[in-house]
Amino acid sequence: MHLKLGSNLFPLTLSLLFVGISTSGAHAYLDAGTGSMILQVMLGGLAGLAIAGKLYWHKFLMAIGVRREAPQAVETKKDSISKNAQVDS
Amino acid sequence: MNELRSLKKETTVKVEDLSGVKAPEQIEREPGSYRDRNGAVFYRGDRVFRYLSPRALENWRRLEQAPFFQRLRAEGRVVDTQTIDARAEGLELGRWAGVVEHARIPFISYPYEWSFGMLKDAALLHLELMREALLADMILKDSSAYNMQWEGVRPVFIDIPSFEPLGSGEPWVGYRQFCELFLYPLMLQAYKGVDFRPWLRGRVDGVPAEDMRGLMSSRDLLRPGVLLHVAAQAALQKRYSGGGQKNVRGALAEAGFGKALIQRNVDKLSRLVGKLEPANTKTTWADYDRTHSYDQAELNKKIDFVRRAAATRHWRLAWDLGCNTGTFSRVAAEHSDYVVAMDGDWMAIEHLYRREKNGTSKNILPLVVNLADASPSQGWRNAERKAITERGKPELTLCLALVHHIVISANIPLADFISWLASLGTSVVIEFVGRDDEMVQTLLSNREDQYDDYHPEIFRELLAAHFDIQSEEPLKGGKRQIYFATAR
């Protein structure tokens, strides 16, 4: 029972990181799977923890109204849209 | 996919349907090569080519120059591939930017025909290629187990356009596919003692995380890799299954997701996969050291007969049906370019695989195939994965200590079996196991004897009706009779 709770709790905690996060397009014929991509942060060990921390900090800043959306996110969005346009053309 | 060109003409789709290329009539498109629009495999005669999109061609040029790729190619771990001058070959490019030619794989096989050790070694090679590619700032964009093929018992990666430059902040897109097609099937056998092959054969994309999670008990969650790769992945996929959520890929890139994270995941997966072993096999393993009912003198007599028959000419492709641990496959291999050794017993195939891996022969491919339930044509248009008989027909087929299993265990009429063999156009070395043989008596002991057709005279008559019997010899004091018969 404890195990089951633990096994469900921690991915859900992890998924909280991504609530309200910005979007961008991506191109690959294979769907990486949103859940599987998020998991890769956990699988990245210490480097992953650093990223998780950064995402939490970002969410904290957004929560207290210091920041609305990271400027890089908008850039990423533009980049990938133009990349997609190139591929399609 | 790099496939043998034994595909039927009538099942192929004209190349221009999908690529805009006017195809000379001798070109055959590979029906399994459609998922990635950046390339398309086709055949001309015995040669295997692949069209490349502008993007795939650019990637290929970079890959070709990469020292890691040159080394892997020289070692035979990725299929030998060369750029082709399309004009000199008389190939029209259409919308494609270029063409490469791949070395031919002697016999295409699928993960649902591999033993545990084969799937494990294919997974380890995939991870090794990932590691090498990442060091050169490249990645494999997918992780299909079908991109692995075999040269004998050596795994070879065939999907060259899968190597792509790694974009900044990009995750490993193929991670989920690696789990579904490599890791979960291996875990099924290692942690649950469940045969993974029906799961892979039943679903072309492999085992989903959710299904895998459903199969894991609380205790299994403590086993290496299950909590993260299975439980967490299933939970996260479920959490995000509704669609419409934010694009995590951009968020990851933004937060500084980098190559180091993928490298760590790949390294940990390599260690995890490397330690997986099939469950509950320790006791039965030793039984395979003695799996026949012959004494040594009789066995030598049988080996000599097979060797004389095999030595009558050179064979391009030989099959050994019911090969067990491969004693006679090795004899056939002396006179054949390639031998596909098949048995329904996966442990026998595992035994054969491990032995050949440590041995010297390079031309025996062991496969887990139950003839009464052999691999069908399946996937898109039922042509993506081909039935065993659609991948190259044998010139010589060994059926030793097999017929009693076919007729009595599998209830296949003897006449049906002989006419099926004849339809392959193959010569045969075939053994009839008489009713007074202890193996047949064991099979008959628990069932009604409805096998009116199972008699040596009927067998000989049927064989003579479809083949030219060249030689025959009694074995085990007349309890068995072995024949060499050539195709008519």
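I take helices (H or I, at least four residues) and strands (E, at least two) as DSSP runs, numbered from the N terminus. With that in hand I looked past the end of H4(B), where Asp137(B) follows with a positive phi near 55°. I keep in mind that this is a predicted model, in which local features need pLDDT of at least 70 and side-chain atom pairs count only at pLDDT 80 or more, while totals for chains, interfaces and linings use all residues. Residues are numbered from 1 along each chain as its sequence is written, and chains are lettered from A and ligands numbered from 1 in the order in which they are written.

I then checked the length of H4(B): at 1.5 Å a residue its 20 residues should span 28 Å, and the end C-alpha atoms are 29 Å apart, which agrees; the expected span is 1.5 Å times one less than the number of residues.

Next I looked up how helix H4 (residues 116-135) of chain B meets helix H5 (residues 175-192) of chain B, and found an angle of about 140° with the axes 10 Å apart. Axes here are lines fitted to C-alpha atoms, for helices over the stretch in contact, and angles run from 0 to 180 degrees between N-to-C directions. H4(B) and H5(B) are therefore oblique to each other, given that angles under 35 degrees count as roughly parallel, over 145 as roughly antiparallel, 65 to 115 as roughly perpendicular and the rest as oblique. For the contact (C-beta atoms, placed from the backbone, within 7 Å), I noted Phe116(B), Leu119(B), Lys120(B), Ala123(B) and His126(B) on H4(B), facing Phe178(B), Phe182(B), Pro185(B), Leu186(B) and Gln189(B) on H5(B).

I turned to the sheets, where two strands pair if DSSP finds at least two bridges between them. One open sheet of chain B has seven strands in the order E12-E11-E10-E13-E14-E16-E15, with mixed pairing. Strand E12 (364-368) and strand E15 (467-475) of chain B stand at its edges with a single partner strand each, so one side of each is left without a neighbour in the sheet. E15(B) runs antiparallel to strand E16 (residues 480-487) of chain B, joined by eight bridges, and Ser471(B) stands opposite Phe484(B) in E16(B).

The other open sheet I examined has five strands of chain B in the order E1-E2-E3-E5-E4, with antiparallel pairing. Its edge strands are strand E1 (27-29) and strand E4 (81-84) of chain B, and the twist averages 35° from one strand to the next. Within E5(B), I found Val99(B) as the bridge partner of Tyr51(B).

Technical notes. Contact = placed C-beta atoms within 7 Å.
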